[in-house]
Structures are given as structure tokens and as C-alpha cells.
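Here's a quick walk through a structure, taken one piece at a time. Have the viewer open and follow along.

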Amino acid sequence: MIQVESLYKSYGTFPAVKNVSFEVPSGVIVGLLGPNGAGKTTIMKALTGYHKPTAGTILIDGKNVEEDPIAIKSMTGYLPEGVPLYSEMTVYEYLEFIAEARGVIEHKKETIENTMRKCGLIGFGDVLIDHLSKGYKQRVGLAQAILHNPAILILDEPTTGLDPNQILEIRDLIRDLGKDKTVILSTHILQEVEALCSKIIIINEGEIVADGSPEEIADAMKGEENIICKIKTSSIDKFKVDFANYLKYSPKKLVENLFQSELVVPAQSGDAAAESIFKWIVEHDSILLEMRRDTLSLEDIFVKLTREGGNHA
Amino acid sequence: MHKASIVFRRELKSYFNVPIAWLFIVIFNLAISIFFFFVQQFFALDRADLRPYFSLLPLFFTILVPALTMKMWAEEKKQGTYEMLMTMPFSEFDLVIGKFLAAFVLLLIAIASTVFIPITMFLFGYFDPGQIFAQYIGIFLFAAACSAIGQYVSANTKSQISAFVVTMILLIILNIFSQIPLWFNMTGKIADVINWLSVNYHYNSFAKGVLDSRDALYFLIITTGFLYATMQKLYLGRWR
């Protein structure tokens, strides 16, 4: 359980995080989402104890990060942005150093080997980190974060700079780790959050603009719902007038081209609207090519919250 | 202290992996040999005295130690491993002492690698073991002070080159302090203070074979002072 209360952090006079409060229950994968420079990394650095908050408190399993940093550090695994590693060491040497630093003394060898297996690093023990590809460096970065089996994993943009295959592999690994750990990951890639997270915290300009499950956020954001119809008809102008007269709906938007037209109909009356529209179109010699309910995608929500909300940026 | 030893072992391993340590030892040996046997013309002196050897060491440390200590923190900051290190269960003490000991031990290894010079000396005559003991204590203390100063400078920058240059300038200044009273014909209290500040002033008494606790105290103050300042620097960095 992570509890962040009124976290405030400024660099000099620049406030990077302003009055941020949230809770993360144990055993879930949480996505910290926000544009570059929104304050994601700052929040993560405060969670790991690397940066002291200017104000506010962070409790991890009831322990205050500022008061008991060494205890917090042994409960958390952290993968900083850009995966910094000691490139002059071999994979095994490096993981051995981490194991010792983390106090993994009993079964050190087995622990390192298990972690290497989990991260797909078997056979790479003697390779210099400098000689590894980006994807494998990322694996070493994850391996060092999970080596001491921490209850909490903090991953700062874990898939940045990887190719699509590597991204899928790392995501699988994170999903697997999320089964028995609390994972906080930051990203500005929306698909990542959709693919992994059961809770999302959207941050913009140092403030939380949305917090909840993806569905909750979409629900809160959706406002009025629309039905979008693509139709094929001989005269779209006549169709529009008839449509408005008969159904008492005035189509909001009309995208028109030679072969098809797109109507956006407000649908306050729920499912009944879709049904009557469908019947009406069929009865009036027009062809319905497509009909769908317009729900906000995470991308729409993201843009709405981080652009409209902070348009002074 | 156990945690510090983990940092120490990693650092020392890194020195030999890079392989800056080997380079350091080879250059150190070459430079010392050239100066000692050719420039100072040891054989022509026809004197079994280790003072020329021990008076050379500080000069080489002034030039070579900055090359060793420049990466200590500057590289960690540049690579980003600094953040990783600071989020592991190490205290500032573990990190600073571990790194300090690694550089210090490497300097001891470098000094030990030039042991052939004193050994050559033994072929020429009798030595006072007490004097040699004092001379070695002196150079060990000097090495410790250099590593501490170098580490402090490195903790204050991201650039290895700046760390190198600044450390070297600091060491040169500490070395030439004792010359200032001579240049300006100073006497009395001011000259005493300036002399006291100078590394040379204290090191020279060791080089002469004099073991004086006041001189040892000077080096201990410099070493612990800079180590403490480095710890503070890291600690305060968390509030940035």
C-alpha cells in the first residue's frame, strides 16, 4: 500500500509537482501517465527516496520514506529512466554487486540465476554490459530491480527506445511481475497503460488530472454520447431534413463525400435511439454502412485532460 | 562497514576492468623510474638515501591522482548510475568510504609496485628502518588526503575533465603553499599559518624520517574533512 499525501516538490523555484495525493493498493499495476515534463519522474524519485519532497508525506506500507529511507529502499525495486548500468561490468558481476548491496546473502547464486532466468538473461552472465543490445540492457535493468524480490516495483518508462518485439517481451515480463507485486510504471505511451494497468493516474503540469481505473476515467470524462452512422444515400441533403423531421434528432456533424456520408447523432435516449435510427434508415432506401457508439478512447481522454486542461502551457 | 566493503570491492574491480588501474600503475612506475634514475641521477649521487624517492612521490600524485579520482562521482552522475546507487540501501557513509578506500588501496598498490626502488637502494648500504617507516607512513597519509580531495571535487561536477583539472589545481596549491613565505620573504605568524596549511610542510618532515603526531593530525584533518564534506554534499543533493 502506497499513500502519497499532498506531495509538493520544487526544483529551485520551479514547482515540478504540486499538491499530489493518491493511493495505490497492494498488488496492482498502476500507470503514471502524462506528457513529458508533467512530473512523473519527480514523483517516482520521491517514492524511491532519491529526492526529498519539499512538502507532503509518502508512506509505503505505513513507513515514512523520509524517516526510514533504508527500510524503504529494501522494500522497493527501481528502474530509473534510461536504464543506467555499470557498463564496464559483466551481467553476472553487476547482479552480484546488486545482490550484495541488497543484502541477498543466503542463496545468492540461486537468486541471481533465478532472476536471470525470469528476465531471459541465461547465457549472458559473462557478457560485458557495454556489449549488450538496448533490449538486453533493459532486461538487466529489470533484473536488478527485482533481484531482492521487493514488494514494490517502480519503473520509469521501462519500454522507451525498444523495438516493438522487445516492448511486447518487456510488457509480458511486467505483467508477470505484477501478479504478486505492486508495480508503478510511468509512460507516455497510452497503449502500454491499456495493456498493463488496472489503475491510471494522469498527471499534467505537476497535478493529478484523473485517477481511477481506465473505465472509471472514461465514464467520468465521456459527457454526452453520440451515435455515428455511415450511410449511403442518393441525396444527403434531403436525407438530413427527413431525418431531423422524423426522428427529432438533428445530426451534429456531417462528413460528406461521393460514396458515403457520416452523421453524428446525439444519443441521450440510450439504446432506443440506435434502434430507431437503424429502422428508419433501412425503411428509407438508404444503406447503413456502419453504426457505432462513440466512446472516448484513452487517447482522447489523455489529449482532453492534458491539452484542454492545461492550455496555458 | 560491511556495506562500505561492497562498494569498495565494486569500485576496485571497476578500476581494474576499465582498465584505468593498470594504466595508472604502468605510468606511475615509468615516470618514477625515469625521474629517479635519470633526472635525479641516483647512481651518480652515490648515496644510499630514500629521500629523493619520497620527495618525488607527491609530485606524481599531484598529476596522477586526479586522473584516478575524477570519475568517482562525475561518471556516476553522467551515466545515471548515481541515481541507482542512491536508491539502494547504502548510507552516504558507505558510499563515500567505499569509494575512498578503493582509490586509496589502488594508490597503495601503485606505491608497492615501485618497491624495487627502495630495494635497489638496499644494495648500496644500511638504512634506518625507523626512517623508512616514517617515510612510508608519510606517503600513505598523503595518498589518503589526495583521494579524499579528489573524491570531493568529483562529487561536485558531472564532468570528469573539470574534476581532473580542479583536483590538480587544488593539489598544486596545497603543495606550493610552503613556497609563498619564501617568495615574499614572510616571517612570523603569517608565515607559520601558511606553512601549516601546506601539504609539503607536513609531508617533508615525514620524508626526513620524522614521525610527528602533529603532521599526522594535519593529514587526518584534511582527509576526514573532505570525506565528511563529500557525504554532506551527497546528503544535501537529495533536497535539490
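This is a predicted model: local features need pLDDT of at least 70, side-chain atom pairs count only at pLDDT 80 or more; totals for chains, interfaces and linings use all residues.

**The four-stranded sheet**

Start in chain A with an open sheet of 4 strands, ordered 2-1-4-5 and paired antiparallel. Its edges are strand 2 (14-24) and strand 5 (63-64) of chain A, each of which pairs on one side only. Strand 5 of chain A is held to strand 4 (residues 55-60) of chain A by 2 bridges, with the two running antiparallel. If you want a landmark there, look for Ile60(A), which stands opposite Lys63(A) in strand 5 of chain A.

Which helix lies across this sheet's strands 1, 2 and 4 of chain A? That's helix 1 (residues 40-48) of chain A, and the angle to strand 1 (2-11) of chain A is about 115 degrees.

**The six-stranded sheet**

The other sheet to look at in chain A is also open, with 6 strands in the order 6-7-8-3-9-10 and mixed pairing. Here the edges are strand 6 (76-79) and strand 10 of chain A, each pairing on one side only. From one strand to the next, the twist averages 15 degrees.

| Strand pair (chain A) | Sense | Bridges | Residues standing opposite |
|---|---|---|---|
| Strand 3 (residues 29-33) and strand 9 | parallel | 4 bridges | Leu32(A) and Ile201(A) |
| Strand 9 (residues 199-204) and strand 10 (residues 207-212) | antiparallel | 5 bridges | Ile202(A) and Ala210(A) |

So what does the table leave out? Strand 9 and strand 10 of chain A make a hairpin with 2 residues between the strands, and Glu205(A) takes a positive phi near 50 degrees in that hairpin. As for side chains, in a regular strand they alternate between the two faces of the sheet.

This sheet has a helix to go with it too: helix 5 (residues 134-146) of chain A lies across strand 6 and strand 7 of chain A. Helix 5 of chain A runs at about 165 degrees to strand 6 of chain A.

Glu157(A) has a phi near 45 degrees, a positive value in a residue other than glycine. You'll find Glu157(A) in the loop between strand 7 (152-156) and helix 6 (164-177) of chain A.

Over in chain B, is the peptide bond from Val18(B) to Pro19(B) cis or trans? It's cis, with omega near 10 degrees. Pro19(B) sits in the loop between helix 1 and helix 2 (20-39) of chain B.

**Where the chains meet**

Now for the interface. Chain B brings 28 residues to the contact and chain A brings 30 residues. Together the chains bury about 2700 Å², with 58% of that on carbon and sulfur atoms.

How many salt bridges are there between chain B and chain A? The count is 3 salt bridges. One of them joins Glu88(A) to Arg10(B), where the closest N and O atoms are 3.4 Å apart.

On the chain B side, helix 1 (2-17), helix 5 (71-79) and helix 6 (81-86) of chain B each supply at least two residues that touch chain A. The largest share, 9 residues, comes from helix 1 of chain B. By type, the chain B residues touching chain A divide into 11 nonpolar, 9 polar and 8 charged.

Definitions and conventions
Residues are numbered from 1 along each chain as its sequence is written. Chains are lettered from A and ligands numbered from 1 in the order in which they are written. Side-chain values use heavy atoms; hydrogens and water are left out. Contact means heavy atoms within 4.5 Å. Buried area is the accessible area (1.4 Å probe) that two parts lose on being put together, summed over both. A salt bridge is a side-chain nitrogen of Lys or Arg within 4 Å of a carboxyl oxygen of Asp or Glu. Ala, Val, Leu, Ile, Met, Phe, Trp, Tyr, Cys and Pro count as nonpolar, Asp, Glu, Lys and Arg as charged, and the others, Gly among them, as polar. Two strands pair if DSSP finds at least two bridges between them. Axes are lines fitted to C-alpha atoms, for helices over the stretch in contact, and angles run from 0 to 180 degrees between N-to-C directions.
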